[in-house]
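Hi,

Here is the structure I promised to pass on to you.

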Amino acid sequence: MTIRLFNTLTSNIEELRPLDGEALRVYACGPTVYDYGHIGNFRTFLHVDILRRVLELNGVKVKHVMNITDVDDKIIRNATAAGLPIGEYTHRYERAFFEDLDTLSVERPEIIARATEHISDMVLLIQRLAAQNLAYKAEDGSWYFRIAGFPEYGKLSKKDFSGITDGARVDVDEYDKDSARDFALWKAPKPGEYFWETEIGAGRPGWHIECSAMAMRYLGESFDLHAGGEDLMFPHHENEIAQSESATHKVFARHWFHVRFLLVEGRKMSKSEGNFYTLRDLLLKGHKASAIRFLLTSVPYRQQLNFTFEGLAAETGAVERLRTFHQRLQSITPAAQQNEQLAAEIHRASQGFHAALANDLNTAEARAAVFELVRQANAAMDAGTISLENRTEIQKLLSDFDKVFAVLEDRDAEWARFALEWAEREGRLDQVAPEVKAQLSLSDGQIEALIAERNQARRVRNFARADQIRNELLEKGIILEDSKEGVRWKRK
Ligand code: AMP
Ligand code: ZN
């Protein structure tokens, strides 16, 4: 199916095809590794994950590059305060970031590019701009991009910068959102600061030049799609376009993909508002990784998502419903006759699912199509009217669904335990909800031993002991289900 996607640059919904006919070349701005990732960050990374998974489901190969910003003002400030070299300081947050991506079942990009490992690419790009008089060196040794030399400045964010003052400058990473100033490509070191000795002088790169240099290094001077959160549109992406296109005289990225910001309880997420959550905060409160993934991808990327705990509870239920349905479907005895009405419903759901995703990644409609089928198929299972062929078709749709949404496999307990162990190592056990501590106090082996003991008690008709074990497990968040095939257990 052809995938159509909104392009910020043209404000149109356009077909997405690899320019080279082979792989769709994607650059997505990655994290600045100075702290743990918050759920807003992950909303953006998750929608980039949905994009690549939808492309793959439709047979499009993806070459996806993500940068790690491992040097910037905040990193230098924090590392200095912690008395650590910046590499040591950023390493722990980079590792945590990838652990968080794994927790949320985010596929790894093909290429991860660290800023500190691409300094020479950045220096070369600055030299290329300087050769055209589009970069200049200030008195302190910093280099700036001359935006007056790029008349198309503002074309992505649709801001009008016709009154640009040549030479007005900004030298920090924390930019003024509305004015256009010459921005730093290279920053001369302040006393005591970390720096690289290079052909353009001592210093360290500005944030924007990183992404231009690394995108071009791995994807070429022109590539297919550039992604990030909506806050990056200006000035970051606007500046990336200005530097790259002035250097190469080619279109930098053909397609721009921006994910709308996440709100929490109706407000902008911020530490001072007390509504700021990292992924780890939520895991320690006892929320499931699968439900967090499902919630953060539930609303299409161009619409605002308002995160609430009620919403998260609803998603926990939705994931549960899907998993139960999936298991139930596997265990039925199929009816001899094909259920024609259900077959038509499966067909409709499948078409609706694929069409919704191909239409600007409409995750909400794609989910709705599948949930409607779950309702219909549950009714058919109650009536015992699902044939082998019906079942195979539903399973195929569920498999496609899961290639994109990735919530069927239950690894939630594993991730919860992972977060708990991290909290223990970091001395953060006071942040762990009591029921989470209780739930995780039993290992799988211990649970199975208790179940075996309960089975034995039942065999000798010691029902009091059997009930006692069931209750003991329940208190620790372990639910037992007695079935014909034996006892199944799951964590709440
Ligand atoms: P940072 O580590 O701050 O550079 O951000 C990493 C990514 O998360 C960028 O693509 C940001 O645009 C994105 N981002 C930051 N805050 C939010 C938010 N509240 N909602 C959605 N995306 C966000
Ligand atoms: Zn970037």
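Below is what I found, going from the whole chain down to single residues.

One thing to keep in mind: this is a predicted model.

**The whole chain**

There are 492 residues in the chain, and 53% of them count as buried. If you go through the secondary structure, you'll find 16 helices and 18 strands. The C-alpha atoms fill a box of roughly 90 × 55 × 35 Å along the principal axes. The accessible surface is about 22100 Å², and carbon and sulfur atoms account for 49% of that. Now take the contacts between residues at least 6 apart in sequence: 75% of these join residues at least 24 apart.

**The domains**

The chain splits into domain 1 (4–259), domain 2 (267–405) and domain 3 (412–491). How do domain 2 and domain 3 sit relative to each other? Their centres, taken over C-alpha atoms, are 27 Å apart. Where they meet, 11 residues of domain 2 are in contact with 14 residues of domain 3.

**The ligand**

Next, zoom in on ligand 1. It has 13 residues around it, and the closest are Gly-40, Thr-44, Gly-229, Asp-231 and Leu-262.

- In the side chain of Asp-231, an N or O atom is 2.4 Å from an oxygen atom of ligand 1.
- Thr-44 has a polar side-chain atom 2.7 Å from a nitrogen atom of ligand 1.
- Thr-32 takes part through its backbone, where a polar atom is 3.1 Å from an oxygen atom of ligand 1.

How much of ligand 1 does the protein cover? On its own, ligand 1 has 490 Å² of accessible area, and the protein covers 88% of that.

**A closer look at Asp-400**

Asp-400 belongs to helix H12, which runs over residues 388–405. Is Asp-400 buried or exposed? It counts as buried because its relative accessible area is 8%, which is under the 20% cut-off. Its side chain makes a polar contact with the side chain of His-354, at 3.3 Å. Leaving out residues up to four places away in sequence, Asp-400 touches Leu-57, Phe-353 and His-354.

**Cysteines**

A disulfide is a covalent bond between the sulfur atoms of two cysteines. How many disulfides does the structure hold? The number is 0.

Cheers

Conventions. Residues are numbered from 1 along each chain as its sequence is written. Chains are lettered from A and ligands numbered from 1 in the order in which they are written. This is a predicted model: local features need pLDDT of at least 70, side-chain atom pairs count only at pLDDT 80 or more; totals for chains, interfaces and linings use all residues. Side-chain values use heavy atoms; hydrogens and water are left out. Helices (H or I, at least four residues) and strands (E, at least two) are DSSP runs, numbered from the N terminus. Buried means under 20% relative accessible area, exposed over 50%, partly exposed in between (1.4 Å probe, protein chains only). A polar contact is a pair of N or O atoms within 3.5 Å; within protein, one must be able to donate a hydrogen and the other to accept it, and residues adjacent in sequence count only if both atoms are side-chain atoms. Contact means heavy atoms within 4.5 Å. A disulfide is a pair of cysteine sulfur atoms within 2.5 Å. A residue is near a molecule or strand if one of its heavy atoms lies within 4 Å of it. Accessible areas come from the Shrake-Rupley method with a 1.4 Å probe; for residues, only the protein chains shown count as cover. Domain bounds come from an automatic or database domain assignment.
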